[in-house]
Amino acid sequence: MMVSTKGRYALMICLDLAQQDPESYTSLREVAMRQNISMKYLESIVATLNRAGLVRSLRGKGGGYRLTRHPSQCSVAEILELTEGSMAPVYCLEPGGACEKAGQCITYPMWRQLDQLMDNYLRQVSLEDLLNGRLPQDIACPKPQKSQGCSTNCSCKPQ
């Protein structure tokens with residue numbers, strides 16, 4: 001999984017809006033200047049966020065954009081899904097990406113588990129968490145078994 005520039009910028013835009021007065025609208029020009037993103041690219045990204053109902057727009061003097069929900073209610077997963085589509089690490093886990101070999105594929109369970117771990121993690125991280133420097137620390141992660149060739153104490157938790 002590699003998050004595109006569009007996905008990273010969408011997250012930056014939402015974080016920028018989350019830092020503004022939630023009752024007022026912020027112009028795209030201000031966001032573009034603060035985030036150093038071209039207006040044209042920003043317009044296409046914010047249109048996606050607006051269509052999905054994550055931001056609300058207001059035209060005219062005093063217009064601009066604002067989040068429709070509190071930052072604690074906006075997950076990173078939701079924002080990235082809007083811009084990236086599927087976050088699946090392999091094609092066979094994408095919607096409609098069925099693989100005829102999935103039933104016999106030795107690696108399929110690993111890819112499925114990786115997909116679930118990433119999805120669960122990104123759903124736990126909100127815009128508010130990022131703004132406050134808080135990240136989930138205790139995500140369940142199965143430890144590799146010795147038969148998988150891991151002789152160290154592997155874990156997802158920070159050491």
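How many nonpolar, polar and charged residues does the lining of the second largest pocket have? By class, that lining has 6 nonpolar, 4 polar and 3 charged residues (Ala, Val, Leu, Ile, Met, Phe, Trp, Tyr, Cys and Pro count as nonpolar, Asp, Glu, Lys and Arg as charged, and the others, Gly among them, as polar).

Before you click on: this is a predicted model, where local features need pLDDT of at least 70 and side-chain atom pairs count only at pLDDT 80 or more, while totals for chains, interfaces and linings use all residues. Residues are numbered from 1 along each chain as its sequence is written, and side-chain values use heavy atoms, with hydrogens and water left out.

**Stop 1: the pocket.** The second largest pocket has a volume of about 160 Å³. Select Leu17, Gln20, Pro22, Leu67 and Pro71, which are the closest to its centre of the 13 lining residues. On a 1 Å grid over the protein atoms alone, a pocket is an open set of points where a 1.4 Å probe fits, with protein on both sides within 12 Å along at least five of seven lines; lining residues have an atom within 4 Å of a point. Points are joined across faces, edges and corners, and the volume is the space filled by probe spheres set on them.

Now colour helix 1 (5-18) and strand 2 (64-67): each supplies at least two lining residues, and strand 2 gives the most, with 3. Helices (H or I, at least four residues) and strands (E, at least two) are DSSP runs, numbered from the N terminus.

**Stop 2: helix 1 against helix 2.** Axes are lines fitted to C-alpha atoms, for helices over the stretch in contact, and angles run from 0 to 180 degrees between N-to-C directions. Show side chains for Met12, Ile13, Asp16 and Leu17, which meet Val31, Arg34 and Gln35 of helix 2; contact means heavy atoms within 4.5 Å. This set divides into 4 nonpolar, 1 polar and 2 charged.

**Stop 3: helix 4 against helix 5.** Select residues 76-84 and 108-124: these axes come within 6 Å and cross at roughly 115°. Val76, Ala77, Glu78, Leu80 and Glu81 in helix 4 meet Asp119, Leu122 and Arg123 in helix 5.

**Last stop: proline 136.** Look in the segment after helix 6 (127-131). Leaving out residues up to four places away in sequence, proline 136 touches Tyr121, Gln124 and Val125.
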